[in-house]
Structure formats: C-alpha cells, structure tokens
Amino acid sequence: MTASSDQPPLRPTAQPGLRIGHGYDLHRLEPTHPQGQGRPFVLGTVRIDHDRGPVAHSDGDALLHAVTDALLGAIAQPDIGQLFPDTDPRHDAQDSRVFLEEALSRVHAAGYRPTNLDTTVICERPKLGPHKDTIRQALAGLLGMPPDRVNIKGKTHEKVDAVGEGRAIEAHAVVLLEHTGAD
Ligand code: MG
C-alpha cells in the first residue's frame, strides 16, 4: 500500500476538466395550510396536489435543495444552509429557484457548466411517475441542459421509517460539471 505522502502533489494551477458534486436533502411533511405547518407540495419547481407538504423556511423544494448543494459541492463552495440561512427573513417561503440560480452562477464564475444530473427522490406519496417528465424538463431548463442529460428517479421507502410513513421526503442529486475554459 502506498502512503498518501508518497503520492505526487496535485498541481495547484491545473484546472481539472471535470468536477462531481453530491447533494442531499430531507424535509418533514405535514398537513398543508391552513390545517397544518406544511407548505404546498413542490418538487423540482413543480406544484403537485397532495394533502401534505414540506415544513420549511423556504418553499421546501427538497429536490432543488439537493441539486443546489450538488452544484455547490462540485466547486467546493459553502452549502445551501450557509449561503441562505433559515434565520434570514428574506428567505421566508422563498422560491428555491433563487438558491439554484445562485449556485449555477457560482459554477459559471468558477469556469464550469453542468453536463449531466442524476437524482433520486424518496417518498411514499404522492406518486412521482406522472410528474417526472415535467420535473425533468423544468430542471433541464434551469440548468441550461437538454432534458436527456437530466434524470429523475422515484422510489418509496417501503412504508418503514418516517419517509415510508409519509412524514418526510428525501432527495439525492449527483451532478457532473465540465470546465468551459472561461476562467
Ligand atoms: Mg431543504
């Protein structure tokens, strides 16, 4: 086995051609207003009719939050919670597109652009199948990519734990960035 100190150092000025980022988010789901604390159910910017919605300071779009953190992670920048703290009243019910657009502008400023995105959303209800293509089109538009470079996978949690009992939603995102040579 080779000790890490024996490895050649990374060249500090070398701009790698590809960067990869991962993002994860979870939101509790509660009955929607006015009966409960849940906001209207929104996923990947798409409003979906459901009797429960995310408890969140922003609009609670778990998928957009995961994608935002994947973009920020790929360029090793502060995460969504650091950039947009939930104590900031400006982000009360904030449309999460604002967060994604900020992350994307940071990606561009760093000399990169997204080349493909793969995501997994885990929730018991609502069923995502009828909405996946709409979400895919929306995310592709936001990221400036053709839809065939964006993937949305839906899974249940087999009725166990909070996600499986319909009390939470989870989202994972993996994004690949390519260097544009613009910096
Ligand atoms: Mg979130």
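Here are a few notes on a pocket and a helix pair in this predicted model.

1. Let's start with the largest pocket. It holds about 290 Å³ of space. Its lining is made up of 15 residues. If you want to find its centre on screen, look for His27, Ser58, His65, Phe84 and Asp86, which are the lining residues that lie nearest to it.

2. Which elements each supply at least two residues of that lining? They are strand 1 (18-31), helix 1 (62-74) and helix 2 (80-83). Strand 1 gives the most, with three residues.

3. Now for the helix pair. Helix 1 turns up again here, this time with helix 3 (residues 97-109): their axes come within 9 Å and cross at roughly 15°. Angles under 35 degrees count as roughly parallel, so helix 1 is roughly parallel to helix 3. The crossing of these two helices is left-handed.

4. Which residues make the contact between them? From helix 1, pick out Leu64, His65, Val67, Thr68, Leu71 and Leu72. From helix 3, the partners are Arg97, Phe99, Leu100, Ala103, Leu104, Arg106 and Val107. Sorted by type, the contact residues come to nine nonpolar, two polar and two charged.

Terms used:
Residues numbered from 1 in each chain as written. Predicted model: local features only at pLDDT ≥ 70, side-chain atom pairs only at ≥ 80, totals over all residues. Heavy atoms only, no water. 1 Å grid on protein atoms, 1.4 Å probe; cavity = no way out; pocket = protein on both sides within 12 Å on 5 of 7 lines; lining within 4 Å. Points joined across faces, edges and corners; volume = space filled by probe spheres on them. Helix = DSSP H or I, 4+ residues; strand = E, 2+ residues; numbered from the N terminus. Axes fitted to C-alpha atoms, helices over the stretch in contact; angles between N-to-C directions. Parallel < 35°, antiparallel > 145°, perpendicular 65-115°, else oblique. Left-handed = near helix turned anticlockwise from the far one by under 90°. Contact = heavy atoms within 4.5 Å. Nonpolar A, V, L, I, M, F, W, Y, C, P; charged D, E, K, R; others polar.
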